[in-house]
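Please walk me through this structure.

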Amino acid sequence: MALEKLRKEETLAMRKRLIGQSLRLFYSEDPVKIVRARGQYLFDESGKRYLDCISNVHHVGHCHPRITKAAAAQMELLNTNSRFLHDNIVLYADRLAATLPERLCVFYFVNSGSEANDLALRLSRQYTQHEDVIVIDHAYHGHLMSLIDISPYKFRKLAGQKEWVHVAPLPDTYRGIYQEGHPNPGQAYADTVKDLIEEVHSKGRKISAFFAESLPSVGGQIILPQGYSKKVAEYVRSAGGVFVADEVQTGFGRVGNHFWAFQLQGEDFCPDIVTMGKPMGNGHPLACVATTAEIARAFTDNGVEYFNTFGGNPVSCAIGMAVLDVIEEEDLRGNAIRVGAHLKDLLAKLQTRHEIIGDIRGVGLFVGLELVTDKEKKTPATERAAWVVKRLKEEHQICVSTDGPWESVVKFKPPMCFSMEDAELVVQCIDGILTGYDASYKDANMTLMKFHIFLKLQELIKQLTFLILTQFFYPQLHLTEEPQL
């Protein structure tokens, strides 16, 4: 089968003509045309290989043979909707249940993280009979209208904040209101949610849910401080609401030590609803909501059937189970621990050599490298971060991207088969780029310093000339101003 049906220029021209331009391309100035992929590598139409550091969707690696084989086998046998009785949906639900706390025992299968979060919103409102939602600043929960409404990252660029949406501070211990030096940032940030609940109640409104990404990604690869989620859940439940953990970007072992990122908050912490998506089908559209029997019962008791045409179909569930098999059999959680730690160690060494590196944070294969122009003021180095991304792609065929409120965080969320050698290559290339930048920065500073010296010398010569003229050649003139030379 031909890998390329059109020349790159033709593809680009047709895309501009036929596809909505709000769907932006990576590297829009010079897009990469990808025609095949395997593992952590992408290949363009000329056969050039790119190292993929951003495709957290292709969780166990692009085009993993176990996944494609499972999909093809089930597709050839049967694919129908979940109103027919079939083994795959219950077997898959049972395997997911084994990874979660016992309370989270009822599952709804959908096709995307956005669908999952929209359903979680419905579940929480039906169960609590309340409307209002608390979210974290800079959060992103999906592209449906209901989710844009609870995503500050989106609604601030559009119609603005709805009266039923309330925004809590991002628990960022690097540049947030409570930082690393605080004795208990988890409690302090949780108390901002408590204050917000009291404010909501003072207006006669009630909380249905607190939504949070277990590790805020768009917010800048943020690691929530210990104790935060557990304390927030306590406050939210006391107010009659539920805690929704958005695991769409971070679930399925990416953090390494745990299967779910919310478990980083302690084994005794359990959300009321968990949403999952992106990595679940390794590129196949597959997502899910897990919740408690009590919440599911309230949703059933409303008398309105919930049915999703493609959610939980036999092919999707076969793929989902194959993904779980590969995670376990290839020890991808162990790989995330080892390679993620190695990547962070290497980046930490870079930080000692490059002033532009303000912070390194992450867990497993969820890592952020924050660039700043001033370490004391923590001024975001937005343009420099974009420059690093561009240079990595153009000179080293390494694909990364940026995130954070100022797009100053270079993020790493690669396929879970990312290797030690891959980590070393990426850091080596970043080191080379930043070293070149440091050298050019020093050269620019030296040039500027020489220019200032030249100006000072010029002024000094002028003053000396004035002194000589007044003292030796024209003393009788009693000049009080410098002559125009």
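Which residue forms a salt bridge with glutamate 370? The partner is arginine 361, and the closest N and O atoms are 2.7 Å apart. This is a predicted model. Both glutamate 370 and arginine 361 are buried.

Now look at the strands around this pair. Strand 11 spans residues 357-363, and seven of its seven residues are buried, so the strand is largely enclosed by the rest of the structure. Strand 12 covers residues 366-374 and runs antiparallel to strand 11, with six bridges joining the two. Arginine 361 has glycine 368 of strand 12 as its bridge partner. The hairpin of these strands has two residues between them, and there glycine 364 takes a positive phi near 55 degrees.

Back to the charges. Side chains of opposite charge can pair when their charged atoms come close. The count of salt bridges comes to 27. One of them joins arginine 83 and glutamate 305, at 2.9 Å from N to O. This pair links distant parts of the chain, 222 residues apart. Arginine 83 sits in the loop between helix 2 and helix 3, glutamate 305 in the loop between helix 9 and helix 10. Both residues are exposed.

Another salt bridge pairs arginine 156 with aspartate 137, with the closest N and O atoms 2.4 Å apart. Arginine 156 lies in the loop between helix 6 and strand 6, and aspartate 137 in the loop between strand 5 and helix 5. How accessible is each? Arginine 156 counts as partly exposed because its relative accessibility is 45%. Aspartate 137 has a relative accessible area of 18%, so it is buried. Elsewhere, salt bridges that share partners join Arg66, Arg95, Asp325 and Glu329 into one network.

Key:
Residues are numbered from 1 along each chain as its sequence is written. This is a predicted model: local features need pLDDT of at least 70, side-chain atom pairs count only at pLDDT 80 or more; totals for chains, interfaces and linings use all residues. Side-chain values use heavy atoms; hydrogens and water are left out. Buried means under 20% relative accessible area, exposed over 50%, partly exposed in between (1.4 Å probe, protein chains only). Helices (H or I, at least four residues) and strands (E, at least two) are DSSP runs, numbered from the N terminus. Two strands pair if DSSP finds at least two bridges between them. A salt bridge is a side-chain nitrogen of Lys or Arg within 4 Å of a carboxyl oxygen of Asp or Glu.
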